[in-house]
Amino acid sequence: MNDLAKQISDKWEKFALYEGSELDPKVSDYISFFYKKDNRKTPLTILTGSPYGAQVACNYLSNPTKTRVLAKKDAFIASVIADVDRQLQEKNVNLPEGGL
Amino acid sequence: MVTTWTENSNLLYYGFNYTGVGFDAGWAAWYEHEKAQNGSRGEDSDKMLEFLKCGPWDCVFFEEAAIVCARPVEVHLDDNQRLHNPHGPAVRWRDGYLNYFIHGVSVPGDWVEEPHTISVTRVLEERNVELRRVLISLMGSERFLREAGAVVVDEWIDGGGQKCRLLRLEFSDDEPYQVYEFKDPSTGKTGILRVNPNVRTCKEAVASTFQQAVDLYNPSVET
């Protein structure tokens with residue numbers, strides 16, 4: 001591996017693992033681009049803080065009623081739902097009872 | 001500790017799309033280098049690189065929605081680049097979710113946070129050999145051997161005049177757990193070294209720690 005390749009490789013490893021968890025909101029623009037390339041409409045983009053948080057968000061968007069019930073016994077699920085609700089509100093999106 | 005999705009049967013699992021720096025950092029490094037050397041390979045690749053620079057760890061794509069997960073806040077690895085932290089979470093996420101690993105093996109958080117609660121019974125009941133080894137390392141070999149009632153295979157007085165022992169515990173589904181117990185003459189503390197289960201004497205055990213056959217191991221001075 002040459003010096004430039006090593007330098008770039010180290011930079012990406014550091015970026016992925018050790019440079020914090022900031023998510024640039026522009027991520028939505030690139031996702032829209034990829035959906036458009038596949039002739040799909042712009043999706044609703046929801047940002048989450050962990051793989052488990054992403055799973056909870058998926059469950060909530062697919063089946064909000066059941067996930068709200070689970071949230072009554074699980075503070076983590078409740079916090080993810082609150083965060084997703086906040087993002088939906090900012091985007092003026094109403095989540096149907098039957099999910100997206 | 002929060003319940004993980006693998007433990008919470010009430011939640012459905014949605015497959016990740018392996019799109020983010022958690023999986024594509026290698027591609028991003030390759031493409032950035034390729035672009036610097038030979039120029040762009042087109043808009044799609046350039047957009048993908050810019051997308052990854054935004055910092056997504058992974059995504060789940062639906063027709064109507066895209067769920068994006070952020071990178072971890074804190075990651076701990078061992079010398080072999082495996083997730084590892086014997087003192088706390090190996091991965092800490094932005095929303096407070098924690099992952100615990102010992103040398104790449106995923107373990108429940110309470111094993112790491114409260115190792116004093118690990119009992120010999122818990123260790124011996126663990127059917128997964130890899131997890132059992134982790135439990136012993138977290139419990140501490142010394143306490144485990146003492147509480148499990150390990151058998152003394154051999155005893156001797158080493159070259160420094162200290163009494164040492166070879167201790168052994170048999171498992172029905174794994175190789176025997178065998179350690180050489182010695183006293184450090186400079187600190188007076190008892191130490192243990194895990195040794196090859198095939199050695200049968202203290203001298204063989206010590207020789208094996210120097211990668212020597214027992215008949216070749218004959219130090220003139222021990223300090």
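Two strands pair if DSSP finds at least two bridges between them, and by that rule A:L47 stands opposite B:V68 in β2(B). Welcome to a predicted model, in which local features need pLDDT of at least 70 and side-chain atom pairs count only at pLDDT 80 or more, while totals for chains, interfaces and linings use all residues. Residues are numbered from 1 along each chain as its sequence is written, chains are lettered from A and ligands numbered from 1 in the order in which they are written, and side-chain values use heavy atoms, with hydrogens and water left out. Helices (H or I, at least four residues) and strands (E, at least two) are DSSP runs, numbered from the N terminus.

**Confidence**

- The predictor gives the complex an ipTM of 0.95, along with a pTM of 0.79.
- For chain B the average pLDDT (the predictor's confidence in each residue, from 0 to 100) is 88, and 94% of the residues score at least 70.
- Residues 1–6 of chain B stay under 50 in pLDDT, and the model has 13 contacts for them beyond four places in sequence; contact means heavy atoms within 4.5 Å.
- Where pLDDT is low, the predicted coordinates should not be read in detail.

- Buried means under 20% relative accessible area, exposed over 50%, and partly exposed in between (1.4 Å probe, protein chains only).
- B:A65, B:I67 and B:C69 point one way from β2(B), while B:A66, B:V68 and B:A70 point the other way.
- In a regular strand the side chains alternate between the two faces of the sheet.
- From chain A, strand β1 (residues 44–48) pairs with β2(B) in the parallel sense over five bridges.
- Within chain B, strand β1 (residues 56–61) runs antiparallel to β2(B), joined by five bridges. The two form a hairpin with three residues between them, and B:C59 has B:V68 as its bridge partner.

**The open sheet of chain B**

- Strands β3, β4 and β5 of chain B form an open sheet in the order β3-β4-β5, with antiparallel pairing.
- Its edge strands, β3 (74–75) and β5 (98–99), each pair on one side only.
- Two bridges join β3(B) to β4 (residues 91–92), and B:V75 stands opposite B:V91.

**Nonpolar cores**

- The largest nonpolar core has 57 residues, and those with the most contacts inside it are A:W12, A:I77, A:V84, B:V21, B:F51 and B:I67. Such a core is a set of buried Ala, Val, Leu, Ile, Met, Phe, Trp, Tyr and Cys residues joined through side-chain atoms within 4.5 Å.
- Helix α3 (residues 51–62) of chain A gives the most to this core, with seven residues.
- Apart from it lies another core, of 23 residues, among them B:V120, B:L131, B:F144 and B:A150.
- Not counting residues up to four places away in sequence, B:V21 touches A:W12, A:F15 and A:A16 in chain A, and B:L52, B:P56, B:W57 and B:R71 in chain B.

- In α6(B), residues 141–148, the buried residues include B:R143, B:F144 and B:L145. The buried residues of α6(B) pack against α4 (120–125), α5, β9, β10 and β11 (190–194) of chain B.
- After α6(B) comes B:G149, with a positive phi near 75°.
- In α7(B), residues 202–209, B:C202, B:A205, B:V206 and B:A207 are buried, and their cover includes β8 (151–157), β9 (163–169) and β10 (177–183) of chain B.
- Just after α7(B), B:Q211 takes a positive phi of about 55°.

- A:Q87 belongs to helix α5 (residues 75–90) of chain A and is buried, at a relative accessible area of 7%. Leaving aside neighbours within four places in sequence, A:Q87 is in contact with A:T45, A:I46 and A:L47.
- A:T42 sits in the loop between α2 (27–37) and β1 of chain A and is exposed, with a relative accessible area of 53%.
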